[in-house]
Amino acid sequence: MRRFCSIPFLLAAGLLLAAALGLRGGLRELSDYYGKKPIDLRRALSQFDPSRLPSFGQGWEYKFQSASESDVGTAEYVHVSFYRQEGTPEPRRAELFVTYYNDPQDKVPHTPEVCSRQAGAVVETMGTIDIDVPELGPGDSPITARLLILREQTYKMVDIYFFCVEGKYRHTRNQVRWVLGIPGNRYSYFSKIEAATVFALDEDPAAALETSKTIIAEAVAILVSEFLPAAEQLRRR
């Protein structure tokens, strides 16, 4: 018992305790400094106006769709269906679905190839596709996106999606997680941007593919310039 009350032991114990407390405080400060924080959209996605997409005015009608926050994992989303008016050529229906997440603890949601299989669809094709978006500039365009061809019981669908994560464009969940985990920016977000177009079971998918590509290109130009946080808003101040 005497040895535990000796001055050398007490000094060593005190130093160890002080070091532990200091290390804990230092780690907390480092975490606070380098940890990323949420950032809001510049404009709510509920203000997105589908009629501004240049290729979807004349000959098209649109309707906003609702989604469950528990299903999509966020209250910030826009889901709009485009319909060809009577007397216009196929394809007859296309969709734009955009979701926004800004909690650094948010998990990257399941992607369409997973959700579609769970809903009973068959994934016939899965690959990537490059989409030119001249408004983004040569450093960001073309965007590499995920390309799916899905088969339902009565129709098929061309589905294209990608993520915009802290101003970078990625097409897999792991790529998104990698960007989110890299220190640097003070603020963080990611957004999934998806377009899908329906076509008949016996139809060539070329027209549907072009429709989905056009929706993506025209929508992302508006989203990046007016809705998603700008690069300078993400940086440390």
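The legends below describe close-up views of a predicted model of one protein chain.

**Figure 1. Overview of the protein chain.** The chain contains 6 helices and 10 strands. Of its 237 residues, 40% are buried. Among contacts with a separation of 6 or more, 65% are between residues 24 or more positions apart. The chain exposes about 13,400 Å², of which carbon and sulfur atoms supply 54%.

**Figure 2. The largest nonpolar core.** In soluble globular proteins, nonpolar side chains tend to be buried together. In this model, the largest nonpolar core has 43 residues, and F48 and F82 have the most contacts inside it. The elements that give two or more residues to this core are the strands β3, β4, β5 (122–131), β6 (143–151), β7 (156–165) and β10, together with helix α5 (206–227). Helix α5 gives the most to this core, with 10 residues. Apart from this core lies another, of 11 residues, among them V108, L148, L150 and V165.

**Figure 3. Surroundings of F82.** Leaving aside neighbours within four places in sequence, F82 is in contact with P50, L53, F56, W60, E61, Y62, R92, R93, A94, L96 and I215. One of these contacts, R93, also lies over the face of Y155, at 5.9 Å from the ring centre.

**Figure 4. Aromatic pairs that involve strand β4.** The count of aromatic pairs in the model comes to 10. Y77 and F97 form one that is edge-to-face, with 6.4 Å from centre to centre and 75° between the planes. This pair links distant parts of the chain, since Y77 belongs to strand β3 (residues 77–84) and F97 to strand β4 (residues 93–101), 20 residues apart. Both Y77 and F97 are buried. Y100 and Y189 form a stacked pair, with their ring centres 5.5 Å apart and 20° between the planes. Because Y100 lies in strand β4 and Y189 in the loop between β9 (187–188) and β10 (190–199), the pair ties together parts that are 89 residues apart in sequence. Y100 and Y189 are both buried.

**Figure 5. An aromatic cluster.** Four residues, Y101, Y161, F163 and F190, form one aromatic cluster.

Figure 6. I129 is placed in strand β5. With a relative accessible area of 13%, I129 falls under the 20% limit and is therefore buried. Not counting residues up to four places away in sequence, I129 touches I143, T144, A145, L147, I160, L209 and K213. The C-alpha atoms of I129 and P142 are separated by 9.4 Å, the two residues being 13 residues apart along the chain. P142 is found in the loop between β5 and β6. The peptide bond from S141 to P142 is cis, with omega near 5°.

Figure 7. Setting aside residues up to four places away in sequence, S212 touches V158, I160, A195, A196 and T197. I160 is also one of the residues touched by I129.

**Figure 8. S116 in helix α3.** S116 is found in helix α3 (residues 112–118). Its relative accessibility is 14%, so S116 counts as buried. The side chain of S116 reaches the backbone oxygen of P112 at 2.7 Å. Beyond neighbours within four places in sequence, S116 is in contact with A121 and L150. L150 is among the residues of the 11-residue core.

Figure 9. E166 lies in the loop between β7 and β8 (168–170). Although E166 is not a glycine, it has a positive phi of about 50°. E166 has a relative accessible area of 8% and is therefore buried.

Note on methods:
Residues are numbered from 1 along each chain as its sequence is written. This is a predicted model: local features need pLDDT of at least 70, side-chain atom pairs count only at pLDDT 80 or more; totals for chains, interfaces and linings use all residues. Side-chain values use heavy atoms; hydrogens and water are left out. Rings of Phe, Tyr and Trp (its six-membered ring) pair if their centres lie within 6.5 Å; planes under 30 degrees apart count as stacked, over 60 as edge-to-face and the rest as tilted. Helices (H or I, at least four residues) and strands (E, at least two) are DSSP runs, numbered from the N terminus. Buried means under 20% relative accessible area, exposed over 50%, partly exposed in between (1.4 Å probe, protein chains only). A charge sits over a ring if NZ of Lys or CZ of Arg is within 6 Å of the ring centre and within 35 degrees of the ring normal. Contact means heavy atoms within 4.5 Å. Accessible areas come from the Shrake-Rupley method with a 1.4 Å probe; for residues, only the protein chains shown count as cover. A nonpolar core is a set of buried Ala, Val, Leu, Ile, Met, Phe, Trp, Tyr and Cys residues joined through side-chain atoms within 4.5 Å. A polar contact is a pair of N or O atoms within 3.5 Å; within protein, one must be able to donate a hydrogen and the other to accept it, and residues adjacent in sequence count only if both atoms are side-chain atoms.
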